[in-house]
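Please find below a note on the model under review. It is arranged as numbered points for a reader who works with coordinates directly.

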Amino acid sequence: MDLYPWLSYIKLWNAQDIESAEIIVGHRRHDIPKRGRGIFSLRFKDALMLPKQKLTLSIVRMTSRFGFSSQTISQLISIRSIEILSKFWGQSTIGNPCRFITSETQTGAQKKGGKVSITLGVLSVTFGIVLRPKQVGSMEEIVPLMRPTTKGPIRVVHQVPRFRLLIVGKVSSICVPHSSRFHQRVSLQSGVGKYTLLNRVFGVETAYVAMDRPGADIEQEFTSPHDDRLVFHDSKGFDGENYETVLSFIERRKRMPDIKDQLHAVWLCFQIPILTHGERLLEDAAQAFLRIRKVLLGNTPTIIVFTKYDRLVTYMRAKKIRNSGDEQQYLREYCINPIRDFTGDMDIAHVAVSSKPKYEQTLKELISLTQAKVTSSFTCPENQVSAVALAAAGAQRMLPTLKIDLSIEVGKQRYWRVLGSSTNSPGHTMQDCLRGLHTDIVLVWNFYDPCQYLDSENFRTLMMNMVGTVDATTESTHHRSRSGTLDGSVLFFHPALAPVILPIYAGLSLVKWVYEIHRRQQDVSRQFMAYIVDLTHVLEILFSLTADMRAKKLTRTAIKLAYKVYYRSEWMAYAHTDIRSFQCSSTARDVVLEKITSMLSSDDREARVSGAIEGMLARMPSVDLEKDEEWADQEVSQ
């Protein structure tokens with residue numbers, strides 16, 4: 001059996017000028033307590049596996065200046081693992097990396113452990129070393145996969161922090177809030193409805209309309225604090241000098257080496273013409289652009305957006321032309337076919353939309369079409385999630401299904417294939433593993449959460465406590481399903497608000513299971529599955545609850561209500577029952593992955609979301625989701 005070196009303790013000597021000390025091993029930091037004058041020591045409750053490259057000491061020294069004043073200086077000291085091992089074996093291991101690992105027969109009975117002392121200037125450091133097997137599928141393997149590191153979605157978001165959209169159409173001028181201190185002027189065509197389109201799809205809120213300054217600088221990057229995953233460029237159309245300006249802009253962006261600076265999609269917006277009103281679909285310059293668009297844009301997804309579809313429906317109704325499919329026939333005859341004729345292109349990506357609430361489905365079709373084109377145009381090797389596709393799905397604020405699908409793809413890359421493994425390993429708790437998982441799932445959803453409530457310790461604790469009920473008995477499950485009483489609940493009060501009542505199981509004291517280190521493989525799989533499924537479902541409900549307040553700050557009131565809706569629903573009870581009955585062997589990682597995917601991709605999830613919300617809201621007074629309650633004001637229990 002192969003044996004690996006583990007750290008059992010660390011001791012610092014001659015550390016009189018040191019105020020505090022930490023040891024950093026991998027992703028974990030451990031405070032080394034002061035034990036006396038010039039002495040710091042820490043015995044690890046569970047030994048830590050020695051990293052293959054190095055470990056780091058983080059110390060804070062106290063220095064004096066001319067003997068009168070003092071200041072603290074932070075210092076990082078790297079200690080190579082090879083140096084520790086060479087002293088441990090009593091010989092140089094340089095050039096012999098296999099000495100990091102040895103076999104039980106090689107060590108014999110005399111070399112099961114020992115201590116190593118290293119001198120760092122005046123400071124002396126002693127390590128306790130023990131030899132033991134490395135446990136396959138352990139927390140030691142899982143933690144680096146579960147933390148949000150440069151290998152995960154955070155790295156992908158860093159590559160493409162914003163979805164870059166060019167939107168083209170005739171203009172008048174509009175002002176969009178850019179920050180709390182000033183506004184940027186954005187040119188958008190009020191007749192075409194470009195800005196209303198952006199508002200509905202991306203949750204970007206307008207401040208006021210100013211009709212006195214038409215036009216826009218296509219080079220200007222427009223962003224909004226309400227959706228930091230979107231940056232858009234606006235063109236006032238193709239008339240006059242704008243034609244060459246648009247062409248030059250597209251050429252420059254196409255040649256940029258960094259993918260985040262390139263255009264990720266282009267929306268060409270044309271209002272559906274009512275021919276009897278003397279309206280025309282395209283000007284000559286627009287026709288010229290459409291003829292060369294494929295050569296000019298290459299693989300950049302380009303979608304023709306026919307706007308004001310509701311106006312066409314109203315016109316057809318007024319003319320009493322209202323047979324089934326008449327509007328689609330009109331679009332084909334007077335919008336789509338003419339473009340096909342003069343471009344010679346039968347494969348034109350197009351969609352007719354209206355920003356009126358009644359026609360929300362048309363906007364969802366635009367989002368789905370854009371996402372599909374982006375995903376096919378910006379591919380990654382080894383079936384990895386495209387940074388552009390992730391940015392596009394995160395930027396849109398209408399289709400939760402796209403966010404769920406991207407969450408699944410992200411999970412396939414980094415997390416879920418390790419869930420069939422045992423986590424019986426020293427030094428790490430379930431809480432450590434779930435932190436990174438939580439961060440990356442929340443990142444995909446891109447709520448307008450400037451206070452970062454969804455990343456707060458309070459919300460993480462609520463979710464861990466919810467997951468802790470996955471193994472609850474039938475009796476406690478029945479108790480949780482009750483509603484409308486004070487039994488076993490935490491009440492949150494706020495002036496002029498109906499209180500949001502959370503189950504007492506969901507209190508802000510962390511349940512015991514997340515602190516446990518040694519857990520059976522089957523238990524670990526269930527807890528990870530429950531966390532992924534429960535968090536995703538709560539965010540689905542939150543997305544639905546806040547559908548009409550996309551450009552407003554997310555509040556703790558809304559989060560608590562979404563949590564309670566799911567917690568009290570048959571949906572959670574069914575999900576937990578399904579997870580409890582799931583059996584997984586240590587070699588069935590793909591089975592775990594498939595199970596989670598099936599639970600998140602179910603066809604009835606929209607019905608379950610609406611059913612859970614309606615079932616809860618029917619039993620409680622109205623709640624103002626825009627007012628921000630504290631996480632916990634008062635606790636009521638029996």
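1. Basis of the values. This is a predicted model, in which local features need pLDDT of at least 70 and side-chain atom pairs count only at pLDDT 80 or more, whereas totals for chains, interfaces and linings use all residues. Residues are numbered from 1 along each chain as its sequence is written, and side-chain values use heavy atoms, with hydrogens and water left out.

2. Confidence. The mean pLDDT (the predictor's confidence in each residue, from 0 to 100) is 76 for the protein, and 70% of the residues score at least 70. Strand 14 (residues 208–209) has the lowest confidence, with a mean of 30, while strand 19 (residues 350–352) has the highest, at 95. The pLDDT is below 50 over residues 206–215, a stretch that has 27 contacts in the model beyond near neighbours in sequence; contact here means heavy atoms within 4.5 Å. Residues 420–427 also have a pLDDT below 50, and this stretch has 44 contacts beyond near neighbours in sequence.

3. Overall content. The protein has 20 helices and 21 strands. These elements are DSSP runs numbered from the N terminus: helices are H or I with at least four residues, and strands are E with at least two. Of the 638 residues, 53% are buried, where buried means under 20% relative accessible area, exposed over 50%, and partly exposed in between (1.4 Å probe, protein chains only). Among contacts with a separation of 6 or more, 75% are between residues 24 or more positions apart.

4. Two strands are taken to pair if DSSP finds at least two bridges between them.

5. Strand 11 and its partners. Strand 11 (residues 163–168) pairs in the parallel sense with strand 17 (residues 265–271) over 4 bridges. Val168 has Leu268 of strand 17 as its bridge partner, and Ile167 stands opposite Trp267 in strand 17. With strand 16 (residues 227–235), strand 11 also pairs in the parallel sense, over 6 bridges; there Phe163 has Leu230 as its bridge partner.

6. Burial of strand 11. Strand 11 is mostly covered, as 6 of its 6 residues are buried. Phe163, Leu165 and Ile167 point one way and Arg164, Leu166 and Val168 the other, all of them buried. Axes here are lines fitted to C-alpha atoms, for helices over the stretch in contact, and angles run from 0 to 180 degrees between N-to-C directions.

7. Helix 17 against helix 20. The axes of helix 17 (residues 556–567) and helix 20 (residues 605–617) come within 9 Å and cross at roughly 100 degrees. Helix 17 is therefore roughly perpendicular to helix 20, a label that covers angles of 65 to 115 degrees. Leu561, Lys564 and Val565 of helix 17 make the contact with Ala612, Ile613, Met616 and Leu617 of helix 20. By class, this contact has 6 nonpolar, no polar and 1 charged residues; Ala, Val, Leu, Ile, Met, Phe, Trp, Tyr, Cys and Pro count as nonpolar, Asp, Glu, Lys and Arg as charged, and the others, Gly among them, as polar.

8. Positive phi at two asparagines. Asn14 has a phi near 55 degrees, a positive value in a residue other than glycine. Asn14 is in the loop between strand 1 (2–13) and strand 2 (18–25) and is partly exposed, with a relative accessible area of 40%. Asn446 likewise has a positive phi near 55 degrees. Asn446 is in the loop between helix 13 (430–445) and helix 14 (457–467), and is buried at a relative accessible area of 7%.

9. Phe447. Which residues does Phe447 contact, leaving aside its neighbours within four places in sequence? They are Arg397, Leu454, Leu539, Leu542, Phe543, Thr546 and Leu554. Phe447 is in the loop between helix 13 and helix 14 and counts as buried at 14% relative accessibility. The C-alpha atoms of Phe447 and Phe543 are separated by 8.1 Å, although these residues are 96 apart along the chain.

Terms used
Angles under 35 degrees count as roughly parallel, over 145 as roughly antiparallel, 65 to 115 as roughly perpendicular and the rest as oblique.
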